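Reader: I would like to learn how to read salt bridges in a protein model. Please start with the general idea and then turn to this case.

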Amino acid sequence: MKQKTFLIAAIIITLFIFLSVTVFSLPTKMSGNSSENTNSQSNANINENKTTESDTPQDNAQDTPEPEASSSENKPSDDSDASAEPAAKEQTPEENSDQNVSSEPEIPSAPMIALTFDDGPYSPVTDRILAKLAEYNGKATFFVVGNRVSTYPNSVINASNLGCEIGNHTWDHTPLTKLSPLEIAREIHDTDTAVGYYTGKFPALVRPVGGGRNEVVDASVDKPMINWSVDTKDWNSKNSQKVIWSVLNNVQDGDIVLMHDLYPSTADACDVLIPELIGRGYQLVTVSELASAKGITPEPGKLYRSFRP
C-alpha cells in the first residue's frame, strides 16, 4: 500500500514539474517568434522600398519651355534658346562699363560702316545675321531689349564671342522721353545687368527707343547715345530688296545703319548686303570701333548719329 502511494506521488510530482517547465517556456518561444516576424517584416519593407526606387522609371528628359519674351512692337512669337551658362565672373555695370568696347578695325584708314540691329535678340533672325558676319569676318552692334536677353541668351553670347558689340536698348522698349530720371536709370541698369550676366561685359552704348531724347534723357543716361544716319525702315517694309537699296544707295564712310533683327526679310537682306559692302571696300565694324577709328571718344549723355569724316 505504501509503495502504491509513493508511486502515485512520484507520478504527480513528475507531471507537475513537466507542466511547469512547459508552461514557463511558452512566453519565451512566443517572444522569439514575434521578434523574428518583426525583423522579417522590416527587411521586407526595406527591400520593397529599394525595389520601388530602382524599378520606378525616370521621367523622360524634356526641356521646359522658356516664357515668351515681352513684346512692344508686334514682335513675333517664337521658340527660345536652350539654357545658357552665365559668364563665369559677375561684376556690376559700374565696374565693367567699358569692357564691351571692341578692338580696333583691321585697317583704320579704309572706309568703314557700322551695321546696327535693334529690338532683339530673336534667334531665328539674329543667328542668321551672325553666321553671315562670321563668314565674311564682319562685325556689327546689337542694341538689345533687356527683357529678351534671358529668352535668347545664346544669341547674345555668340554675338559677343564673335567680337560684335552689345548695346543697350532699354529693358522693355519704353520711350525714355516718357520716364522719370529714376525710371530711366532702372531701364538702363536692368539691361546692363542682363547682358553682363551672360557675356561678362556690360554695354558701353545706349540707343534710345525711337531715337527719342530730351533734356531729362540727356541728363539721366550715363552712357553715349547712338542713333543712325541710314534708316532702312525694315520694320515697315519687311521687304529685303528695299532694305538692300536703302543701304547701297545711301551709305558712306562713317555711317551708322539702322536695322532690326526681328524680321526674316532683314536677314535675307543681310545675306546680300554683307558680302556686297565688303566687296565695295567697306569694313564692317562695331559702333565703338568706328568712333575710335575716326578719332572720336563718345561722351555720356550726348547723342551721335554717325562718325563721318
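Author: What follows is a short talk about salt bridges. This is a predicted model, in which local features need pLDDT of at least 70 and side-chain atom pairs count only at pLDDT 80 or more, while totals for chains, interfaces and linings use all residues. Residues are numbered from 1 along each chain as its sequence is written, and side-chain values use heavy atoms, with hydrogens and water left out.

Reader: What is a salt bridge, and how many does a search of the whole structure find?

Author: Side chains of opposite charge can pair when their charged atoms come close. The term salt bridge is used for a side-chain nitrogen of Lys or Arg within 4 Å of a carboxyl oxygen of Asp or Glu. A search of the whole structure finds 13.

Reader: Which residue meets Arg-128 in a salt bridge?

Author: Asp-268 does, at 2.7 Å from N to O. Arg-128 sits in helix α2 (residues 123-135) and Asp-268 in helix α9 (residues 264-279), 140 residues apart. Helices here are DSSP runs of H or I with at least four residues, and strands are runs of E with at least two, numbered from the N terminus. Both residues also belong to a network of salt bridges with Asp-271.

Reader: Glu-289 forms a salt bridge with which residue?

Author: With Lys-139, the closest N and O atoms being 3.0 Å apart. Glu-289 lies in helix α10 (residues 287-293) and Lys-139 in the loop between α2 and β2 (141-144), so the pair ties together parts 150 residues apart in sequence.

Reader: Is Glu-289 buried or exposed?

Author: Glu-289 is buried, with a relative accessible area of 1%. Buried means under 20% relative accessible area, exposed over 50%, and partly exposed in between (1.4 Å probe, protein chains only).
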